[in-house]
Amino acid sequence: ETEAIAAAMPYNVNKGSEYDAEKAQCPMAGARIDQPAQLATGSTLSEKNNNGKTGESALPGKALYGQLSSVQQNDSEQVMTTNQGVPIADNQNSLTAGYGGPALLKDFILREKITHFDHERIPERIVHARGSGAHGYFECTRALADITCATVFSEVGKRTPVFTRFSTVAGERGSKDTARDVRGFAVKFYSDQGNWDLVGNNIPVFFIQDAMKFPDLVHAVKPEPHHAMPQAASAHDTFWDFVSLMPESTHMLLWQMSDRAIPRSYRMMQGFGVHTFRFVNRGGESVFVKFHWTPKAGVHSLLWDEAVKISGADPDFHRRDLWETIESGEYPEWELGLQVFTQEQADNFSFDVLDPTKIVPEELVPVVPVGKLVLNRNPDNFFAETEQVAFCAAHIIPGIDFTNDPLLAGRIHSYVDTQISRLGGPNFHEIPVNRPLNPAHNNQRDGMHRQTIHRGRVSYEPNSLGGGCPFQAGQGGFISFPEQIEGPEHRIKPEKFAEHFLQARLFFDSQSSVEQQHIIDAFVFELSKVTVPAVRRRTISLLRNVSDKLAGPIAQGLGMPLPDIMPSAMPNPPQPEVAQSEKLSLCAFKGEEGIKTRKIAILVSQQSHVGQVIEISEKLMQQGAVVRLVAPHIGLQNNPGEISLDADASLENSPGFLFDAMVIADGTDELTQLASNVMVDDFIREQYRHKKAILALGAAKFVLQKNAIGLAEKKTPGVLISDTFDAATLNSFVSAVAKDRHFDRADNPADQTA
Ligand code: HDE
């Protein structure tokens, strides 16, 4: 019988972490699972380059996985020792004088252990403290040697190892994943010209135009200093006080209030370099470039109500999602696209391309795909890799250069500086995850935590005692683009920086009506948490510059009259080139992956038809979905006369809002066990309210009748009720899940017309 039960359990070869008991098991304490060969090479540069340089892309050093594995520790079958390697006889009892006597100061074993423990934490990142990372590779799909000498782009098919970290901005290290916030999207390319960090966000613009304002912005959005509240939220007085006094933040505010700020998954969001950068080719010619990452899985978001609830049930929602999908072999993938344009084009735009509160609409400069990013390996140790990884906007390589964006200038300074206090000194580049694959050779010496043992007596240049080494790379090294600069020193910005509203309006006008409503709702929610009426008023008077279609409903939602419009710094702005841009709406990024990696709950009980449950699970898993059996309790659902189903999850530990869709299979006795369960009612209501697909088979219609205000009696978009589970039912359900949300559904089941 045990075999029969085992055979009946859902099994999905592609979902190791979810279902394959063997793969899901933790390795024996201390043991290390070696990467399969194709994984290791997938994320490394060509092995044949390891023995000396054979061309541009030759890397004298080891590939990244080799670099990290050389410091991996395998404790299996080892005796426990102190940090000095002294074997420890007893790890349970401290040394005392006599039985029950005082502990002794000379217990160096206890003291070493406690001292190390006392210092286990390092300061968290001042912003972007909460995050998750993964290893992978970047593959060039379009050679760009004509416009950049960055060898990452030198030839089609070339792979460069990467480490990527996604993050929220405002919350502390232990805060929830689903806060309304900007997401960091930072990629470290371990290129053969040294490390290049593209430290971007999932929103293409920023709040401020100048680094000078960054500490103010961060102080305003972080928990208020007197009582340290609220955590991971912008919905409070100080944030709105600041931004309502900073009209340049208006464009960013619209993005932040849009569904972009509550992504469904890190795997389902875009990334942007934000600033305009430069590409420079071998001849020293330069073009401007903007970086866009677009996920293959499409761009998908949560609903606010869902985000709030998820943060309670699973604060690690995004971290878990990233980890589990990579473990299961469904490697997330993004396309890198570039907008490339010239100085002459830039001069003629109605906005300044060096202003980080502006995008370059795709109607003006199309995005051209040039590569792909694949994340295929989870870190072995969160602290050693994800926490200690040090991204830096100043880490660029030959072929890439900065522009005079005044926000970027401050970033070039800030990142190295912050690592010095966060990682304890200037040698953080020696931490394995930060080490370049192209080894560092210079005369920098000493400092806290130095690992490298430099040999010889020469640590200066020029020298003759060391044979002149290390020597300058000359034309092969990094050469700054020789931009002509003239004019006086002053604290003034170019004129176009004074226009703050046209692109905010462009963004709003480019959204679907559902997205516009979500933006309005988000403003209403955030401002309803602001306790000072003058701040609410000022924000709305600012937003009137964008559109009264935005400001009006917000004022209404807050029960206040529409205030006067805030005077703008540029009363006669230039005519914008575009009034609507398709790619600003999430509707443009549905993705092509169908139900792949989507989480589907099948609600089961002792009354469920086991055969049908197994059939549904198999069919959905064949299409790449992650299926979980959710029951009133976990474990075996003893069904008299049938094989028992083994439930993965309970209604209590896995509520409906954690899933993308739900199924209730057919069963006996009108499925009374589910129909009478109040948690099933919650489950259905939330799936309904969050506009997700619902499939009810056979007797499941009684569950829908009894719950959720008689859903079975109504024809509701995305709710499928069928007596049988045949190919047509499966197909309709799969398209309903792939559609993601059914916004044509009433918010309240009672309002759904029959
Ligand atoms: Fe950052 N930012 N930032 N930032 N930023 C940091 O660096 C800073 C900005 C971004 O996963 C810090 O190592 C200044 C824009 C990401 O480790 C710090 C300014 C964009 C991450 C810092 C900005 C970003 C950071 C904190 C304005 C999008 C997380 C810890 C001049 C293009 C990287 C650290 C990771 C982190 C400074 C503005 C993205 C303090 C001064 C614009 C993704 O150095």
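## Annotated positions in helix α14

The model is predicted, and R422, one of the residues considered here, lies in helix α14. With 17 C-beta neighbours inside 10 Å, R422 counts as partly exposed, because that class falls between the limit for buried residues, 20 or more, and the limit for exposed ones, 12 or fewer. Leaving out residues up to four places away in sequence, R422 touches I122, P123 and R125. Both R422 and R125 are listed under "binding site" in the unreviewed UniProt entry, which also lists R165, F214, R411 and Y415.

Y415 is likewise found in helix α14, which covers residues 406–422. Y415 has 16 C-beta neighbours inside 10 Å and therefore counts as partly exposed. Apart from neighbours within four places in sequence, the residues in contact with Y415 are F391, C392, A393 and A394.

## Helix α19 and its buried face

Helix α19 runs over residues 610–622, and its 13 residues should span 18 Å at 1.5 Å a residue, which agrees with the 18 Å between its end C-alpha atoms. Which residues of α19 are buried? They are V613, I614, I616, S617, L620 and M621. Seen down the axis of α19, these buried residues fall within an arc of 165 degrees, so they line one face of the helix. An α-helix has 3.6 residues a turn, so residues three or four places apart point the same way.

Just after α19 comes G624, which takes a positive phi of about 95 degrees.

Key: Residues numbered from 1 in each chain as written. Predicted model: local features only at pLDDT ≥ 70, side-chain atom pairs only at ≥ 80, totals over all residues. UniProt positions renumbered as here; feature names shortened; annotations may be inferred. Helix = DSSP H or I, 4+ residues; strand = E, 2+ residues; numbered from the N terminus. Contact = placed C-beta atoms within 7 Å. Expected span 1.5 Å × (residues − 1). Arc of directions from axis to C-beta.
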